[in-house]
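Here is a short briefing on one protein model. Read it alongside the sequence and the coordinates.

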Amino acid sequence: MCIHFLYEIWRCVFIAQLRKDEQPINENIKVSELMVIGPNGEQMGVKKIEDALTLANYAGLDLVLMSGNSTPAVGKIMDYNKFRYEKKKKIKEQQKKQRENTKELKEFRLTVKIDIGDFETRKKNAYDYLVKGHKVKGSIRFKGREMAHTELGAEVLKKFAESLSEIADIEQKPVLEGRNMSIILAPKK
């Protein structure tokens with residue numbers, strides 16, 4: 001009895017915090033009559049809002065307005081929290097698939113005087129990224145007198161590309177743009 005009472009209080013607080021982008025439920029539905037669909041998908045006919053709320057309460061579920069613009073409006077008796085959870089799960093899955101379809105370009109910054117340990121770390125991280133199917137951009141920013149020896153930067157970038165040659169092809173050779181030199185690697189097909 002106590003747990004049921006606490007659940008009812010929680011549901012009232014939850015309903016009070018209902019956001020505008022979500023469907024109206026239970027007492028927030030502002031239509032007088034609606035076509036009611038049962039929890040198993042069966043049509044229960046056109047009912048007054050009070051009768052529909054009574055049916056939903058009797059089943060221990062919520063009355064959710066699915067389509068308020070149609071004539072008559074359509075409401076469904078369901079567990080609203082489960083519905084919201086599944087809806088969020090679907091949206092996350094769609095976003096995940098969309099991210100997989102649009103491959104990203106990850107940039108790894110190197111320097112002319114890069115140490116072996118730093119180079120190996122960047123190579124390992126780039127390898128992991130290439131295995132996932134994304135493109136990798138290796139870049140060097142020349143500082144001060146390093147601009148006089150851009151060929152040293154090109155050598156570092158070529159060494160970076162050669163170390164990843166087993167899983168990546170060079171999509172764009174080293175190009176100097178102002179003080180930056182970059183190379184783009186794409187995973188092998």
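From the N terminus on, the elements of this protein run α-β-β-α-β-β-α-β-α-β-α-β-β. That comes to 5 helices and 8 strands, taken as DSSP runs (helices H or I, at least four residues; strands E, at least two) numbered from the N terminus. The model is predicted: local features need pLDDT of at least 70, side-chain atom pairs count only at pLDDT 80 or more, and totals for chains, interfaces and linings use all residues. Residues are numbered from 1 along each chain as its sequence is written, and side-chain values use heavy atoms, without hydrogens and water.

**Sheet**
- Four strands form an open sheet in the order S2-S1-S4-S3, with mixed pairing; two strands pair if DSSP finds at least two bridges between them.
- S2 (43–48) and S3 (62–67) are the edge strands; each has a single partner, so one side of each lacks a neighbour in the sheet.
- Neighbouring strands are turned by 35° against each other on average, direction ignored.
- S3 pairs with S4 (residues 73–78) in the antiparallel sense over 5 bridges.
- Val 64 stands opposite Lys 76 in S4.

**Helix on the sheet**
- Helix H2 (residues 49–59) packs on the sheet and touches S1 (33–37), S2, S3 and S4; contact means heavy atoms within 4.5 Å.
- The direction of H2 makes about 130° with that of S2; axes are lines fitted to C-alpha atoms, for helices over the stretch in contact, and angles run from 0 to 180 degrees between N-to-C directions.

**Whole protein**
- Of the 189 residues, 29% count as buried, meaning under 20% relative accessible area (1.4 Å probe, protein chains only).
- Among contacts between residues at least 6 apart in sequence, 55% join residues at least 24 apart.

Notes
Buried < 20%, exposed > 50% of the residue type's maximum accessible area, 1.4 Å probe, protein only.
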